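Subject: The two-chain model, and what turned up in it

Hi,

Here is the structure I promised to pass on to you. Have a look at it first, and then read on for what I found.

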Amino acid sequence: MDLLRIATAGSVDDGKSTLIGRLLYETGSLKEDQLEHIEKKSASNGLDHLDFSLATDGLLTEREQGITIDVSHLYFKTKKRRFIIADSPGHIEYTRNMVTGTSNSDTTLLLLDARKGVIEQTKRHFYITQLLGIKKIIFAINKMDLVAYAQKTFDQIKEDIAQLIRSQNTKGLTVFYIPLSALKGDNLLLKSTKMRWYTGKTLFDVIENISVNEPPSKENVLQVQTVIRPKLDAYHDYRGFAGKVKSGSFSVGDAIEIFPSGTKTKIKSIEQYGINQEQVNQGENATLLLEDEVNISRGDSLFTPSHSIEATKTINAKVCWMQDKALQVENKYLLQFGSKKSLAKVAAVDERIDISGGGSENTAALELNDIGIASFQLAHTIQSIPYQKNKNLGSFIIIDIQTNNTAGVGFIE
Amino acid sequence: MNILKQLEEEAIYIIREVVGQFNKPALLFSGGKDSIVLLHLCYKAFLPARIPFPLVHIDTGHNFPETLTLRDKLIKQYNVKLHVGLVQDSIDQGKVAEEKGHFASRNSLQTATLLETISNLKLDACMGGARRDEEKARAKERVFSVRDDFGQWNEKLQRPELFDHLNGAIHPGENIRAFPISNWTELDVWEYIRQEKLEIPTIYYAHKRAVFKREGQFMPVTKFHQIDPDQIEVQSVRFRTVGDMSCTAAVLSEAEELDVIIEEIRTSTYSERGARMDDKRSEGAMEERKKIGYF
């Protein structure tokens, strides 16, 4: 059995929470006590049906206002697969939440209201999926019950989406279009009897079978998180460089280089939690022991030299800004690339991208929820590779040095 | 990679980030199954070295004795240091007052002791075994959750968490709570216990116990409850979560072996925290406790 991480996106009132509540319900993930709670609450709110959005709207403030204000993580499974849903809210001001949810997902479930079709929000959400390099998108045309399950409406929306996709530079993208009603349960688990004209898959069919395996990246990089030095006699000379294989793989005997020192050495042995391994692969943690005594600390990388990786103190990146205080030229921030950090100055803000229209305009600052292009001058040399070339190495977060908050995210160009 | 392996890799990455980014981390250890799993993950993360931080146990004084026995055994086995914060001390010093009445529990009193312990030990990061599938407010929790000087959680000021870049930057006086097993489900925890052959308190297995019924749930008979002797009955029960004795209900069960328990949980129609009276107090009971500094 494998695990699929799904991010959701959609506007306010597109019925996202209802859809997810329904998914939990249909897969038997809502337990009796949770269901009883939903039944009671729905009845006391004067509804004649179960309000499944109550299953996901976790915070008191949300339940008071009937909206979702933060990324929520939900877990369910079918016989075939396990799922984690990052439910990101749909408000314009919460674009940052969608970027956040999508950054840890394999696929995006993008909701549209059949009555409204493609709106500005849809374009923004689609743009974000492409910024993050999502290759599989499920467009769920919800609330079909409110348009009399009309094929014409669905076909029109489908064509509008196809046009939106064509208008952008998308490579290797697979999309699914599903007409459904989360409220009534049409085309979720079972094929809708009201939309016999639809011959495609149900939502469950799609998410159970969608393949998201991408081939491992070519670059071999392990970033050191901590150096293990047991203070025990038996391990007097032991120095284990522990971290995650962010990209590629490593085998015993491999010739590697240390960044930033440039020292060259070989891998003597590889351990995983005290057990020797011949090879470790992308996504796994490993402790590497090296042939030579070298000076390595947290944030350094062990890697195989590659043409795609550049050692540099300047980077150009697409930035999604996530805090109220704007990103401005000359401002200083802390950039964090996994376990590596460096102070940086904003050298230039090149443009703000109109993510619903596709154009761009010159600007000197990026405001909350803006996406634009900026260049940074770093205090330390880092290893740089474009995000679109390697999703595991090409991103970073921008930390406000006054508040320590995560102020934005960057995707190296 | 199978799912359990994926979750293990994710958890150990987070544990190593905590040690890499903070000066004085600690593991909040309750003695329950989740914190035992977390302890084991911490052990694996630094092999062949010892776990490079202490455990902190906030002792309500209402613990199941079986939990304390195993706690002390594990401390020796994993060779770690333990700090105990006693809720009784906070009560004796007049910092908190014991709740009164039928439903009195020390669960919410733990917060004061926890915050004081964090401050005394000058901890800047506390790892806990909370999982997002447990409860609705927890579903919104971050992996690194910043707490202010007063230990407060502000759900509106949570930092966005992108990819694997965990932002642990804090101001003096602040600390973070880190949750390495955020993405694990209850069943994952049980399957990991089976896979790694971990010892858990015996009360997780079915046993005969004097219980009484309260709001449809079987509560253990303890000296902390005021119980009418007529209400007491002996049943074969096990505990699905292990918290404070005064607020943890048992479930009827004959499952004496791990495989049987796992099968029972797989097919259970009730949620895990359905047996926690502390969550049932109000609609947002967990959220409200989190805001003032609860785990």
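Predicted model: local features only at pLDDT ≥ 70, side-chain atom pairs only at ≥ 80, totals over all residues.

Where in chain B is the place of P48(B)? P48(B) sits in the loop that runs between α2 (33-45) and β2 (55-59) of chain B.

**Backbone details in chain A**

Chain A has a cis peptide bond too: F259(A) and P260(A) are joined by one, and its omega is about 5°. If you want to find P260(A), go to the loop between β10 (255-259) and β11 (264-272) of chain A.

K143(A) is not a glycine, yet its phi is positive, near 65°. K143(A) belongs to the loop between β5 (136-142) and α6 (151-166) of chain A. Is K143(A) buried or exposed? K143(A) has 22 other C-beta atoms within 10 Å, and the cut-off for a buried residue is 20 or more, so K143(A) counts as buried.

N187(A) is also a residue other than glycine with a positive phi, in this case near 60°. You will find N187(A) in the loop between β6 and α7 (203-209) of chain A. N187(A) is buried because it has 27 C-beta neighbours inside 10 Å.

Chain B holds eight helices and ten strands. Of its 295 residues, 54% count as buried. If you take the contacts in chain B between residues at least 6 apart in sequence, 76% of them join residues at least 24 apart.

**The nonpolar core**

In soluble globular proteins, nonpolar side chains tend to be buried together. In this model the largest nonpolar core counts 175 residues, and A140(A), I141(A), I15(B) and L27(B) have the most contacts inside it.

**The domains of chain A**

Chain A is assigned three stretches: domain 1 (2-209), domain 2 (221-303) and domain 3 (310-412). The centres of domain 2 and domain 3 of chain A, taken over C-alpha atoms, are 30 Å apart. These two domains do touch, with twelve residues of domain 2 of chain A in contact with ten residues of domain 3 of chain A. On the domain 2 side of that contact, β7 (221-228) and β8 (240-247) of chain A each supply at least two residues. β7(A) gives the most, four residues. By class, that side of domain 2 of chain A has four nonpolar, six polar and two charged residues.

**Strands in chain A**

Strands of a sheet pair through backbone hydrogen bonds, either parallel or antiparallel. One open sheet in chain A has six strands in the order β2-β3-β1-β4-β5-β6, and its pairing is mixed. β2 (72-77) and β6 (174-179) of chain A are the edge strands, each pairing on one side only. From one strand to the next, the twist averages 25°. Strand β1 (residues 2-9) and strand β4 (residues 107-113) of chain A run parallel over four bridges. Look there for I6(A), which stands opposite T107(A) in β4(A).

Elsewhere in chain A, β7(A) and β8(A) pair in the antiparallel sense over seven bridges. There T226(A) is opposite A242(A) in β8(A). β8(A) also makes an antiparallel pair with strand β14 (residues 285-290) of chain A, over four bridges, and A286(A) in β14(A) is the bridge partner of G243(A). As for cover, eight of the eight residues of β8(A) are buried.

Enjoy looking around!

Best wishes

How values were computed. Residues numbered from 1 in each chain as written. Chains lettered and ligands numbered in written order. Buried ≥ 20, exposed ≤ 12 C-beta atoms within 10 Å, placed from the backbone. Contact = placed C-beta atoms within 7 Å. Core = buried A, V, L, I, M, F, W, Y, C linked by C-beta atoms within 7 Å. Domains from an automatic or database assignment. Nonpolar A, V, L, I, M, F, W, Y, C, P; charged D, E, K, R; others polar. Pairing = 2+ DSSP bridges. Axes fitted to C-alpha atoms, helices over the stretch in contact; angles between N-to-C directions.
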